[in-house]
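Please open the structure in your viewer and keep the sequence beside it, so that each selection can be followed in both places.

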Amino acid sequence: MARRTEPGSPDSGVNSDKKTFDGAVLLVVDDEPEHLLSLRRLFEREGATVHTAGSGELALDVVRKEPIDLILSDLMMPGMRGDDCFRELLKIDPTVRVVLCTGYGNDGVVSDALGDGMIGYLAKPFSRSDLARALNDALSGSAVSYTHL
């Protein structure tokens, strides 16, 4: 998957003239609708085009239809977990960039996914500014492992 855009500055901050995610196309995957809505609003305010999926299965459908720069996915979801979704996404697009969000830290599941090429993970809870910095790192190709956000 080719990057469609160059990310904004990680230090640009919320409500600055330069949007943090100007032009980036993001996919947020979470089984909790309120998380999808709040992250969509945040990322759209920062200039991103945002797709959402309430499950790993729906995320696969989105990626088959839309060019996506970065996927932010919850790890623990009913049905297909985030790490399993990542492995299925690799079959669709071997260059896919996925950051998992987890309240479980870097356990064996996350370590295995990192070993399979996942770009990184965020430990919950995290702040908006740290989320923005982590996603900008991921968009620029840097590995992400924020454990104490």
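**From the pocket to the core**

Begin by selecting α1, the helix that gives the most residues to the lining of the largest pocket, namely 4. As you look at it, keep in mind that this is a predicted model.

Next, show the pocket itself, which has a volume of about 280 Å³. Of the 17 residues that line this pocket, select H35, S38, L39, F126 and L131, which are the closest to its centre. Then colour β1, α1, β3 and α5, the elements that each give two or more residues to the lining.

From here, move on to the largest nonpolar core, which has 22 residues, and select F21, F43, L72, V99, L131 and L135, the members that touch the most others in it. The elements that give two or more residues to this core are β1 (25-29), α1 (33-45), β3 (70-74), β4 (98-102) and α5 (128-139). Among these, α5 gives the most, with 6 residues.

For a last stop, select V29, I71, L89 and V96, which are included in a second, separate core of 20 residues. As general background to both stops, nonpolar side chains tend to be buried together in soluble globular proteins.

How values were computed:
Residues are numbered from 1 along each chain as its sequence is written. This is a predicted model: local features need pLDDT of at least 70, side-chain atom pairs count only at pLDDT 80 or more; totals for chains, interfaces and linings use all residues. Side-chain values use heavy atoms; hydrogens and water are left out. A nonpolar core is a set of buried Ala, Val, Leu, Ile, Met, Phe, Trp, Tyr and Cys residues joined through side-chain atoms within 4.5 Å. Buried means under 20% relative accessible area, exposed over 50%, partly exposed in between (1.4 Å probe, protein chains only). On a 1 Å grid over the protein atoms alone, a cavity is a set of points where a 1.4 Å probe fits but cannot get out, and a pocket is an open set with protein on both sides within 12 Å along at least five of seven lines; lining residues have an atom within 4 Å of a point. Grid points are joined across faces, edges and corners, and a volume is the space filled by probe spheres set on the points.
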